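User: I'd like to go through this one with you. Can you take my questions as they come?

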Amino acid sequence: MVFDLFSRQKQQREEFGDRLPPGQKLVEGWPVLSYGATPRIKLEDWRLRIGGLVEAPVELTWDEFKALPQTKITGDIHCVTHWSKFDNEWEGVTWQDLLKETGIKIKPEARHIMQHSYGGYTTNVPIRDMEQPGVIFAHMHNGKPLEPDHGGPMRPVVPHLYFWKSAKWLRGIEFMTDEKPGFWEMYGYHIYGDPWKEERFS
């Protein structure tokens with residue numbers, strides 16, 4: 001089985017070139033991987049809190065989030081557990097629109113964010129990576145509402161990093177000066193997580 005897996009990965013790398021990062025295999029479905037129970041958040045109770053190193057914190061209800069400009073983006077995702085899924089269509093709010101429409105003013109010393117999830121999960125991302133093309137706060141996937149098992153009602157998608165950097169069930173964004181490890185980073189996952197460099201573990 002191991003030989004078959006590596007042979008399949010090699011064949012797919014030859015077929016898809018640099019689109020498929022090293023050590024990854026393309027899947028048709030969408031594996032469900034989570035630590036702990038899946039939160040079930042009622043939309044009327046959902047909140048997104050943006051704080052930390054900002055001039056004034058902001059809290060959005062679901063209706064307020066959905067009223068922000070909506071964008072559709074298509075892209076690939078890559079999980080640290082060696083699977084990749086191509087051509088995902090996401091619908092949601094871009095990083096740029098989230099900041100602009102909420103009027104968030106980030107303090108000059110902020111360099112990183114911590115994503116906070118319902119259920120307690122956290123993961124860190126440099127602000128410069130949130131500003132990259134393709135980053136979106138998604139509530140739809142392939143034309144359907146994002147299912148709870150996959151992070152619904154909303155999750156950020158940071159497609160150029162391993163997918164654990166796109167926290168399921170997002171409830172908060174904390175702006176920070178220094179880089180701090182999130183949940184999996186504290187357990188040995190790489191602090192950054194570049195799929196093309198296979199930054200799986202520290």
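**Working chat**

Analyst: Pro153 sits in the loop between strand E9 (144–145) and strand E10 (155–157). Strands here are DSSP runs of E with at least two residues, helices are runs of H or I with at least four, and both are numbered from the N terminus. This is a predicted model: local features need pLDDT of at least 70, side-chain atom pairs count only at pLDDT 80 or more, and totals for chains, interfaces and linings use all residues. Residues are numbered from 1 along each chain as its sequence is written, and side-chain values use heavy atoms, with hydrogens and water left out.

User: What is the peptide bond from Gly152 to Pro153, cis or trans?

Analyst: Cis, with omega near 20 degrees.

User: What about phi of Asn142?

Analyst: Positive, near 50 degrees, in a residue other than glycine. Most residues other than glycine have a negative phi. Asn142 lies in the loop between strand E8 (136–141) and E9. It is partly exposed, with a relative accessible area of 40%. Buried means under 20%, exposed over 50%, and partly exposed in between (1.4 Å probe, protein chains only).

User: And phi of Glu198?

Analyst: Also near 50 degrees and positive. Glu198 is in the segment after H5. At 37% relative accessibility, Glu198 counts as partly exposed.

User: Switching to the sheet. In what order do the 5 strands run?

Analyst: E3-E2-E11-E6-E7, as an open sheet with mixed pairing. Two strands pair if DSSP finds at least two bridges between them. The edge strands are E3 (58–61) and E7 (122–126), each pairing on one side only.

User: How many bridges join E6 to E11?

Analyst: 6, between E6 (residues 112–117) and E11 (residues 170–176), which run antiparallel. One example is His112, whose bridge partner in E11 is Met176.

User: Aromatics next. How many pairs are there?

Analyst: The count comes to 17 aromatic pairs. Rings of Phe, Tyr and Trp (its six-membered ring) pair if their centres lie within 6.5 Å; planes under 30 degrees apart count as stacked, over 60 as edge-to-face and the rest as tilted. Tyr35 and Phe183 make a tilted pair, because their planes are at 45 degrees, with ring centres 4.9 Å apart.

User: Where do Tyr35 and Phe183 lie?

Analyst: Tyr35 is in the loop between strand E1 (25–26) and strand E2 (47–52), and Phe183 is in helix H5 (residues 183–186), so the pair ties together parts 148 residues apart in sequence. Tyr35 is exposed at 60% relative accessible area. Phe183 is buried at 17%.

User: Why is the pair of Trp184 and Tyr187 edge-to-face?

Analyst: Because their planes are at 65 degrees; the ring centres are 6.4 Å apart. One aromatic cluster takes in Tyr35, Phe183, Trp184 and Tyr187, among others.

User: Which residues touch the most other members of the largest nonpolar core?

Analyst: Leu48, Leu98, Phe137, Ile173 and Phe175, out of 31 residues. Such a core is a set of buried Ala, Val, Leu, Ile, Met, Phe, Trp, Tyr and Cys residues joined through side-chain atoms within 4.5 Å. A second, separate core of 19 residues includes Trp30, Ile73, Val80 and Ile136.

User: Last one: is Asp129 buried or exposed?

Analyst: Buried, because its relative accessibility is 3%. Asp129 is in helix H4 (residues 127–130). Leaving out residues up to four places away in sequence, Asp129 touches Val135, Val158, His160, Leu161 and Tyr192, where contact means heavy atoms within 4.5 Å.
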